[in-house]
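Subject: Structure handover

Hello,

The structure you asked about is below. My notes on it follow.

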Amino acid sequence: RHTAFAASGVIKDVNRGGYMKFLQWDTKVLRFFCVWDDRQSMYGDQRKFVLRFYLADDTLDLVEEKLPNSGRRQGDFLKR
């Protein structure tokens, strides 16, 4: 009966590829340590970041390493 409704277009097929990918890669994250070298500009310096790529939904975030008394707003640079 479900196939008859799906064939008639009343019920749309669910994209199970995304769901299966989520179940397979849910807790897997690729982590990269990055450096933004801006020392050639005036008052530039090196800033350290952590880039995380989430395999479950192909998103990423970029977080700056927190340094005390740097005078910059640190933390989330690019949110997921």
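Partly exposed, as used here, lies between buried, which is under 20% relative accessible area, and exposed, which is over 50%. Asp58 has a relative accessibility of 44%, so it counts as partly exposed. Please keep in mind throughout that this is a predicted model.

Strands

β1 covers residues 29-37 and β2 covers residues 46-54, while β3 covers residues 59-64. β1 and β2 run antiparallel and are joined by nine bridges. In this pairing, Val29 is opposite Tyr54 of β2. β2 is also joined to β3, again in antiparallel fashion, by six bridges. Here Phe49 is set opposite Glu64 of β3.

Loops and positive phi

Which backbone angles deserve a look? Most residues other than glycine have a negative phi. Tyr43 is not a glycine, yet its phi is positive, at about 65 degrees. Tyr43 belongs to the loop that links β1 and β2. Because its relative accessibility is 74%, Tyr43 counts as exposed.

Asp58 is another case: it is not a glycine either, and its phi is positive at about 55 degrees. Asp58 sits in the loop between β2 and β3. The hairpin formed by β2 and β3 has four residues between the strands.

Arg47

The Arg47 side chain has a polar contact of 3.0 Å with the side chain of Glu64. Leaving aside residues up to four places away in sequence, Arg47 touches Cys34, Val35, Trp36, Glu64, Arg72 and Phe77.

Asp61

Asp61 is part of strand β3. With a relative accessible area of 7%, Asp61 is under the 20% limit and therefore buried. Which side chains make polar contacts with that of Asp61? One is Arg52, at 2.8 Å. Another is Tyr54, at 3.4 Å. Tyr54 is also the residue of β2 found opposite Val29. Not counting residues up to four places away in sequence, Asp61 touches Val50, Leu51, Arg52, Tyr54, Leu78, Lys79 and Arg80.

Helix α2

Helix α2 spans residues 16-25 and includes Gly18. Gly18 counts as partly exposed because its relative accessibility is 39%.

Regards

Notes. Residues are numbered from 1 along each chain as its sequence is written. This is a predicted model: local features need pLDDT of at least 70, side-chain atom pairs count only at pLDDT 80 or more; totals for chains, interfaces and linings use all residues. Side-chain values use heavy atoms; hydrogens and water are left out. Helices (H or I, at least four residues) and strands (E, at least two) are DSSP runs, numbered from the N terminus. Buried means under 20% relative accessible area, exposed over 50%, partly exposed in between (1.4 Å probe, protein chains only). Two strands pair if DSSP finds at least two bridges between them. A polar contact is a pair of N or O atoms within 3.5 Å; within protein, one must be able to donate a hydrogen and the other to accept it, and residues adjacent in sequence count only if both atoms are side-chain atoms. Contact means heavy atoms within 4.5 Å.
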